[in-house]
Amino acid sequence: EDHHLDWLTSIKSRKDPVAPAEAGHRSNTVCLLSQIAMHLNRPLSWDPDKEVFLRNDTEANSMLARKQRAPYGTDAVLAKAGLKI
């Protein structure tokens, strides 16, 4: 019943979590897209395969990511482990 604990346990054990990661990702995506649409106060069109807004909507697409705070960003963590994407 504790999804956060299940997620952390699945990372450590390398076993699948109770809820598929794809389902969690898509559920969170809907929340984030709704927030962007409310912020821009206009309808948006989304491509779920490419995970970008359609019609080259640069304003909306610019809201899909933000600069990560050091030293917690993905790049910093990977660099600490000697890895790079």
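Which residues does Leu40 touch, not counting those up to four places away in sequence? They are Glu59, Ala60 and Met63, where contact means heavy atoms within 4.5 Å.

Before going on, a word on the source. This is a predicted model, in which local features need pLDDT of at least 70, side-chain atom pairs count only at pLDDT 80 or more, and totals for chains, interfaces and linings use all residues. Residues are numbered from 1 along each chain as its sequence is written, and side-chain values use heavy atoms, with hydrogens and water left out.

Now the layout. The protein has four helices and two strands, in the order α-α-β-β-α-α from the N terminus. These are DSSP runs, H or I of at least four residues for helices and E of at least two for strands. The radius of gyration, over C-alpha atoms, is 16 Å, well over the 12 Å that the globule rule gives for 85 residues, so the protein is more spread out than a compact globule. That rule is 2.2 Å times the number of residues to the power 0.38. Along the principal axes, the C-alpha atoms fill a box of roughly 45 × 35 × 20 Å.

Next, the interior. Of the 85 residues, 13% are buried, meaning under 20% relative accessible area with a 1.4 Å probe, protein chains only.

Conventions:
Buried < 20%, exposed > 50% of the residue type's maximum accessible area, 1.4 Å probe, protein only.
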